[in-house]
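Please view the sequence and the structure shown here before reading on.

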Amino acid sequence: MCGPGSASASWPRAGRVPGPSPGHGGAEPLLLAEGLRFAYGGTEVLAGVDVEARAGEVTAIVGPNGSGKSTLLELLAGVLRPRAGVVSRRGRLALVVQRPSAPATLPLTAREVVALGVRRGEREAGGSGGAGRLAVLRRGERRAAARAAVTEALERVELAERAAEPLAALSGGQRQRVFLAQGIVGRPGLLLCDEPGAGLDERSADRARAILREEAARGAAVICVTHDDRAIAEADRVLRLAPPAPH
Ligand SMILES: Nc1ncnc2c1ncn2[C@@H]1O[C@H](COP(=O)(O)OP(=O)(O)OP(=O)(O)O)[C@@H](O)[C@H]1O
């Protein structure tokens, strides 16, 4: 195997239909990253990684602990800046991080946390606009649509009945599912998830995998860091990061 954070990609997987799912016409990648290099201080973590993600596809990023998977996801999301290389993205982005650090103390209900995903989408879409009575009506309609979208997202992660509870009252796995709901509620074009099934019971992990497939089926490009063999087997593309170099 090669040096730190280099990658080997295998796609499409044998036995799968090449290219994007039918109906999305996604000849253009929604994300294209070329030659990504990254180091924390003097320690190089990624040494030239390419990623391509198209509408209708799930890409799994795999590799041993410390190989740079989470780092790569943050580079793709624009949270980190690469030392070299470029990332281009099209469409609305949602990043679902692994074990979010804030949630236990966040003074919000599950519903409110998911609603933040709607507002983010609205801001990116350019805000409300309009004037007078029409604008008020539209605002009312938008609110109703947002409420419905939040309820639907919570239903998809099977937490609708816990919607009114503070995040702090939920278990770690339940909180993780709330953040997955926040990621999907705005119907992102590009959905980036860091180990969405980690720490979930089997039924919830199955549901999380199914959600990623559903998101791809409606036309999103999904990129998912995972150690889950089933998620890897189901992925359309697999990007393998090399083990970290010994220090
Ligand atoms: N903020 C940081 N500062 C310094 N080093 C970091 C930082 N974050 C990660 N690293 C180091 O970068 C390397 C890659 O970390 P990263 O979390 O991207 O790996 P990973 O493949 O996602 O691992 P895992 O499978 O354990 O989640 C590791 O050696 C890690 O110690």
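## Strands, ligand shell and helices

Strand 5 (residues 84-89) is hardly covered, as the count of buried residues among its 6 residues is 0. A residue is called buried if 20 or more other C-beta atoms lie within 10 Å of its own, exposed if 12 or fewer do, and partly exposed in between, with C-beta atoms placed from the backbone. Helices (H or I, at least four residues) and strands (E, at least two) are DSSP runs, numbered from the N terminus.

The model is predicted: local features need pLDDT of at least 70, side-chain atom pairs count only at pLDDT 80 or more, and totals for chains, interfaces and linings use all residues. Residues are numbered from 1 along each chain as its sequence is written.

Strand 5 pairs with strand 2 (residues 29-40) in the antiparallel sense over 5 bridges; two strands pair if DSSP finds at least two bridges between them. Within strand 5, Ser88 is the bridge partner of Leu32.

The chain as a whole has 6 helices and 9 strands. Of its 247 residues, 40% count as buried. Among contacts in the chain with a separation of 6 or more, 78% join residues 24 or more positions apart. Two residues are in contact if their C-beta atoms, placed from the backbone, lie within 7 Å.

The ligand is surrounded by a set of residues that includes Tyr40, Val45, Asn65, Lys69 and Pro244. A residue is near a molecule if its C-beta atom, placed from the backbone, lies within 6 Å of it. By class, this shell has 3 nonpolar, 7 polar and 1 charged residues. Ala, Val, Leu, Ile, Met, Phe, Trp, Tyr, Cys and Pro count as nonpolar, Asp, Glu, Lys and Arg as charged, and the others, Gly among them, as polar. Helix 1 (residues 69-77) gives the most to the shell, with 3 residues.

Backbone angles form the next topic. Most residues other than glycine have a negative phi. Glu158, however, has a positive phi near 60 degrees, and Arg187 has a positive phi of about 45 degrees although it is not a glycine. Glu158 lies in the loop between helix 3 (132-156) and helix 4 (172-185), while Arg187 is found in the loop between helix 4 and strand 7 (190-194).

| Residue | C-beta neighbours inside 10 Å | State |
|---|---|---|
| Glu158 | 14 neighbours | partly exposed |
| Arg187 | 18 neighbours | partly exposed |

Leu180 is found in helix 4. Leu180 counts as buried because it has 27 C-beta neighbours inside 10 Å. Not counting residues up to four places away in sequence, Leu180 touches Val96, Val157, Pro196, Ala208 and Ile211. Leu180 and Val97 are 83 residues apart in sequence, with 8.8 Å between their C-alpha atoms.

Ala208 and Ile211 are also among the buried residues of helix 5, together with Ser204, Arg209, Leu212, Glu215 and Ala216. They lie on the same side of helix 5 because they cover an arc of only 150 degrees around the axis, the arc being that of the directions from the helix axis to the C-beta atoms. The face turned away from the buried side of helix 5 carries the exposed residues Glu202, Arg203 and Ala210. Gly219, whose phi is positive, near 120 degrees, follows helix 5.
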